[in-house]
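Here is a briefing on pockets and salt bridges. Look over the sequence and the model before reading on.

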Amino acid sequence: MIPKIRPVLSFSDALAIANTCDVRLVPYENERGMAATAKALKKLKPGQSVSILIGPEGGFSEEEIAQARETMEAISLGRRILRTDTAAICAMSAVMLALESREEED
């Protein structure tokens with residue numbers, strides 16, 4: 001499966017596209033602890049569409065995160081601050097690990 005990676009979009013356009021997916025995740029640097037991340041990843045099921053909204057360098061504004069939280073789950077990628085390109089790879093890796101580990105268990 002080849003993930004679809006979209007070009008840079010406006011926040012409203014990215015949110016609209018994200019909201020068409022079954023699972024909507026937004027990594028947020030101020031989301032503390034990995035509990036929310038683990039909970040969100042445990043809910044993933046093979047075949048679901050997943051959208052991961054990656055913010056710009058410097059992160060999302062508080063207003064953007066508040067708007068995203070209306071339809072998305074905020075997750076943490078850990079205690080480190082990641083560059084935009086690294087955050088995308090990290091988030092996709094977490095999703096792939098969760099799904100593929102579950103497939104092996106079944």
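Buried means under 20% relative accessible area, exposed means over 50%, and partly exposed lies in between (1.4 Å probe, protein chains only). This is a predicted model: local features need pLDDT of at least 70, side-chain atom pairs count only at pLDDT 80 or more, and totals for chains, interfaces and linings use all residues. Residues are numbered from 1 along each chain as its sequence is written, and side-chain values use heavy atoms, with hydrogens and water left out.

**Salt bridges**

- The structure holds three salt bridges. The term means a side-chain nitrogen of Lys or Arg within 4 Å of a carboxyl oxygen of Asp or Glu.
- Arg69 pairs with Glu31, with the closest N and O atoms 2.8 Å apart. Arg69 sits in helix α3 (residues 62-69) and Glu31 in the loop between β1 (23-27) and α2 (35-42), so the pair ties together parts 38 residues apart in sequence. Helices (H or I, at least four residues) and strands (E, at least two) are DSSP runs, numbered from the N terminus.
- Arg69 is partly exposed at 41% relative accessibility, whereas Glu31 is buried at 16%.
- Glu73 and Lys43 form a salt bridge at 3.2 Å, N to O. Glu73 belongs to strand β3 (residues 73-75) and Lys43 to the loop between α2 and β2, 30 residues apart.
- Glu73 counts as partly exposed because its relative accessible area is 29%. Lys43 is partly exposed at 42%.
- Asp85 and Arg83 meet at 3.7 Å, N to O. Asp85 is partly exposed at 45%; Arg83 is exposed at 55%.

**Largest pocket**

- A pocket is an open set of points on a 1 Å grid over the protein atoms alone, where a 1.4 Å probe fits, with protein on both sides within 12 Å along at least five of seven lines; lining residues have an atom within 4 Å of a point.
- The largest pocket has a volume of about 1,300 Å³. Volume is the space filled by probe spheres set on the points, which are joined across faces, edges and corners.
- Its lining has 39 residues, with Lys4, Ile5, Val50, Ser51 and Ile52 nearest the centre. Elements giving two or more residues are α1 (11-18), β2 (50-52) and α4 (84-105).
- The largest share, nine residues, comes from α4.
- By class, the lining has 25 nonpolar, eight polar and six charged residues. Ala, Val, Leu, Ile, Met, Phe, Trp, Tyr, Cys and Pro count as nonpolar, Asp, Glu, Lys and Arg as charged, and the others, Gly among them, as polar.

**Second largest pocket**

- The second largest pocket holds about 330 Å³. Of its 21 lining residues, Pro27, Glu29, Ile81, Leu82 and Ala87 are closest to the centre.
- Its lining has nine nonpolar, six polar and six charged residues.
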